[in-house]
Amino acid sequence: MCSSDLAEAGIPAKPALITAWPRADVVPDEPGLEAFERVLVYIPPMNGIGPLWIDPAAVFTPVLRLPVIDQDRSALIIDPATAQLVRTPGSAVQANVYSSVVELHLGDGAPSKVNFKIDAAGSFQDLIRPVIARLEIADEEGKQQLLTPSFRSIEARQVQSSKFSDPHKLLEKSWVEIEGEGYGGSAVTDDGGYVDLPGPVHVNLQSLAPLMTLAQEGEGTRSFDFYIPPPFMSGEEWHVFPPAGYRFKPVPPEAAITLGPAMLKTNTRIDEDGTFWLTYALVSPKDRLTPKEVESLLAAVRGMASKLKI
């Protein structure tokens, strides 16, 4: 889809130039076409609806929003009436949601059974849909190669089967579900046992990892904001089933942790059936952080645990 095709259909579309993230945004005081490297399509408001921005190259992003690399960027609309740069639309924290659920059945003398499901909405779909498209056409060996790194990231061992959403239905949520066996962080003996679950430092802080890496490299010297899109919400849930005849000890509740402008909440409980629940909820409401906010985030992360033993 391009502006000329839309114009033929009677829709007054115009090209718009941007520089996509992670490259530095255009400096408004230093104009020049060489500063731009990506072309979007801009459709001005019509009948009280819009404007609408489209990235023709984003095959896995619906036309209702821009991919995350194009959001909140300076844009030059190619129009004689254009006198200055405008901003492309960003996205709200509620629109970008990542969640994962791990169901772990601990084995007594047999490998543990693991079910791992990931759900993605908004900008997280820009990351997961291309992977699902590769899964869709992969043979069993190819699926193993694509899924094993994610399965190993939760210390599960062997992928046995998988299911996933249709990557071409762009108005629906994206999801992947993996079944397998084996869990590295557990042991069961006649006298008891343990299971290691991810601590607070694990929960989707990989989304902030580029920011933290930059901060550590230039800590104390930076005077301008850090930019890492998008604002997001993420949740990680573990549901652990003990072997027959075993029970979990109570785990003290964890206090909410402030990570600069972000907030991480932890909840644990033991149900009447003896199963254990661990839930993390992380909200990062901003895509621009000041150096002081990054320092606060780093200080909090350094004091967080990487494992929770039950």
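What follows is a chat about the helices, strands and rings of this predicted model.

Q: What cut-offs and numbering apply here?
A: This is a predicted model, so local features need pLDDT of at least 70, side-chain atom pairs count only at pLDDT 80 or more, and totals for chains, interfaces and linings use all residues. Residues are numbered from 1 along each chain as its sequence is written, and side-chain values use heavy atoms, with hydrogens and water left out.

Q: OK, how many helices and strands are in the protein chain?
A: The protein chain has five helices and 18 strands. Those are DSSP runs numbered from the N terminus: helices are H or I with at least four residues, strands are E with at least two.

Q: And how much of the chain is buried?
A: 44% of the 310 residues count as buried. Buried is under 20% relative accessible area, exposed is over 50%, and partly exposed is in between, with a 1.4 Å probe and protein chains only.

Q: What share of the contacts join residues at least 24 apart?
A: 66%, among contacts between residues at least 6 apart in sequence. A contact means heavy atoms within 4.5 Å.

Q: Let's zoom in on helix α3. What span should it have, and what does it have?
A: Helix α3 covers residues 140-153, and at 1.5 Å a residue its 14 residues should span 20 Å; the end C-alpha atoms are 20 Å apart, which agrees. The expected span is 1.5 Å times one less than the number of residues.

Q: Where is the kink in α3?
A: At L147, shortly before the proline P149, with a bend of about 40 degrees. The bend is the angle between axes fitted to the seven residues ending there and the seven starting there.

Q: Which residues of α3 are buried, and what covers them?
A: The buried ones are G142, K143, L146, L147, T148 and F151. Their cover includes β7 (113-121), α2 (124-137), β8 (156-164) and β9 (174-183).

Q: What happens just after α3?
A: E155 takes a positive phi of about 70 degrees there.

Q: Where do Y183 and W238 sit in the chain?
A: Y183 is in strand β9 and W238 in strand β13 (residues 232-241), 55 residues apart, so to speak a link between distant parts of the chain. Both Y183 and W238 are buried.

Q: Why is the F248 and F276 pair tilted?
A: Their ring centres are 5.7 Å apart and their planes are at 55 degrees, so the pair is tilted. F248 lies in the loop between β13 and β14 (257-259), while F276 is in strand β16 (residues 276-284).

Q: Which charged end sits over the ring of W175?
A: That of K117, 5.0 Å from the ring centre. The rule wants NZ of Lys or CZ of Arg within 6 Å of the ring centre and within 35 degrees of the ring normal.

Notes: Phe/Tyr/Trp six-rings, centres within 6.5 Å; stacked < 30°, edge-to-face > 60°.
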